[in-house]
Amino acid sequence: MDDFLFSDEPQEVESDVVKGTWKVIIVDDEPEVHAVTKLALSDFEFQDKRLEFISAYSGAEAKVQIDNNPDAAIVLLDVVMETDDAGLKVAQYIREVAKNNHIRIILRTGQPGQAPERQVIVNYDINDYKSKTELTAQKLFTVVMSSLRSYRDILSIEQSRQGLEKIIKASRDIFSAHSLDHFIEGVMQQLTSLLGTVDQAMYATSLVAGNPQDNQHKLVVFSGRGDFERSEGKAIEEVLNTEQLSACKQAFRDKNIVYKDNYLFAYCCSEHNHNSMLFISGIPHDLSDTQRHLIEIFSQNVQLAYENVQLQSEVEATQQELVLRLSEALEQRSTETGNHVKRVSHICNTLALAYGLSKREADLVRLASPLHDVGKVGIPDAILNKPGKLTSEEWEIMKTHTQKGYLILQGSRREIVNAGAQIARDHHEKWDGSGYPQGRQGQDIHIFGRIVALADVYDALRHKRCYKEAWTLDDVVNEINQQKGKHFEPKLVDAFNDNLAELEEILTRFPD
């Protein structure tokens with residue numbers, strides 16, 4: 001055993017800053033091996049991290065520790081323990097069963113003849129093979145240091161892969177409503193990979209264009225990692241300490257990147273004059289020129305992505321507003337109130353979510369519902385605005401507006417317009433099949449049509465028209481519940497009853 005007990009070597013100055021540990025699993029059936037290994041590496045430090053030793057005294061124990069510590073960096077693995085090949089079975093278990101391809105496996109054996117090095121290296125996915133007799137203190141230090149560097153690089157490559165994967169996925173639908181979150185998260189993960197260590201990261205934006213000096217106090221957190229992960233929507237003054245806030249303001253004044261001891265603030269801007277800030281902490285003490293250049297490029301790419309999504313959002317919002325304004329103009333032509341379609345769209349969104357539709361589907365019915373009466377554009381004013389009861393002939397003409405609306409909207413490649421066509425056609429159908437124009441029944445009526453039917457009736461009854469007074473809430477609730485299973489789907493009526501307070505709040509928010 002004295003062959004690999006170690007001579008005294010110069011002690012290095014201990015670092016003032018130690019962040020975390022590197023886990024090393026020692027697997028050996030001899031307690032003395034554990035003791036001398038820990039002694040030899042007691043002052044070991046790499047990238048401000050010490051070693052954390054985990055002991056296992058058999059192959060069975062080793063498998064348990066491997067499972068319990070998937071983030072271990074190194075396993076120092078004896079070959080001969082309870083069986084002559086116990087260590088080899090552990091190595092096989094690590095790669096094939098635990099699927100841990102990151103941990104570095106260093107085989108140590110006191111009986112090299114029982115497990116020839118060439119055969120072991122070829123047949124098992126290990127990273128080094130050492131005889132205990134040759135493993136002096138310096139050689140143990142060297143093999144651990146080289147293994148940790150390999151482990152660090154493997155983690156860096158994995159983080160890079162994950163970051164690139166997120167960026168690729170985000171770029172595939174960069175103009176969709178939620179892709180920017182994934183894009184920024186991917187960029188942050190890329191920075192973590194490129195810089196080696198990043199504890200926390202945050203991207204904050206002003207949300208409005210303007211002079212940087214005017215907006216520096218209006219930054220809010222858009223996305224974050226670490227302590228900032230749950231800070232979305234908060235002002236930076238709420239999440240930064242005094243020193244960090246001062247550095248942030250300096251970055252704004254200088255329109256540059258400000259580096260501190262272990263963090264930085266990178267000012268981001270664009271030709272559209274939006275203002276944003278990228279914060280990264282836990283960075284290495286000495287950044288290379290290449291790393292600094294990459295930070296600069298990344299910070300600007302994040303801003304460009306944000307600008308693209310903002311531009312797309314503005315286009316979509318303009319389209320939605322045009323649909324809403326045109327629908328309101330049509331409702332006013334038919335003596336409906338100006339805010340009717342706006343209320344119906346929000347009522348539909350609430351009912352859709354309560355019914356169990358996805359957020360995307362709920363948004364879709366909200367955006368498409370203003371088109372429900374577009375077919376009335378083809379109905380003569382004398383019929384559309386007649387104060388008294390329609391004749392049977394006039395009623396037949398009035399009923400054609402559903403089919404007219406469907407014909408106007410059908411066949412579009414736009415999702416909202418297609419949804420509008422389904423709504424225009426089906427929102428006068430009834431659950432029991434007594435509606436029009438086709439007498440559809442139950443599930444044959446499109447869910448968007450069912451939702452709009454209830455929302456339209458609820459809002460119409462609750463507001464005054466030229467031909468009637470507004471109903472009280474109790475009367476409306478009674479009427480809708482009496483039509484449960486007749487006019488309206490029972491499940492939808494239940495959703496209506498469960499969310500009545502929220503629906504009434506919508507009416508208050510958009511009064512006549």
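Asp-78 is in contact (heavy atoms within 4.5 Å) with Val-27, Asp-28, Asp-29, Gly-87, Arg-108, Thr-109 and Lys-132, leaving aside its neighbours within four places in sequence. This is a predicted model: local features need pLDDT of at least 70, side-chain atom pairs count only at pLDDT 80 or more, and totals for chains, interfaces and linings use all residues. Residues are numbered from 1 along each chain as its sequence is written, and side-chain values use heavy atoms, with hydrogens and water left out.

- Asp-78 belongs to strand β4 (residues 74-78). Strands (E, at least two residues) and helices (H or I, at least four) are DSSP runs, numbered from the N terminus.
- The relative accessible area of Asp-78 is 3%, so the residue is buried. Buried means under 20% relative accessible area, exposed over 50%, and partly exposed in between (1.4 Å probe, protein chains only).
- An unreviewed UniProt entry annotates Asp-78 as "modified residue: 4-aspartylphosphate". UniProt positions follow the numbering used here, feature names are shortened, and annotations may be inferred rather than shown by experiment.

- Side chains of opposite charge can pair when their charged atoms come close.
- A salt bridge is a side-chain nitrogen of Lys or Arg within 4 Å of a carboxyl oxygen of Asp or Glu. The count by this rule is 16 salt bridges.
- One of them joins Asp-71 to Lys-23, with the closest N and O atoms 3.1 Å apart. Asp-71 sits in the loop between α2 (59-68) and β4, and Lys-23 in strand β1 (residues 21-27), so the pair ties together parts 48 residues apart in sequence.
- Asp-71 is partly exposed, at 42% relative accessible area. Lys-23 is buried, at 17%.

- Arg-343 and Asp-459 form a salt bridge through their side chains, 2.5 Å from N to O. Arg-343 is in helix α11 (residues 340-355) and Asp-459 in helix α16 (residues 447-461), so this pair links parts 116 residues apart in sequence.
- Arg-343 is buried, at 0% relative accessibility. Asp-459 is buried, with a relative accessible area of 0%.
- Arg-462 pairs with Glu-504 in a salt bridge, the closest N and O atoms being 2.8 Å apart. Arg-462 lies in the loop between α16 and α17 (473-482), and Glu-504 in helix α19 (residues 500-509), so parts 42 residues apart in sequence are tied together.
- Glu-504 is buried, with a relative accessible area of 17%.
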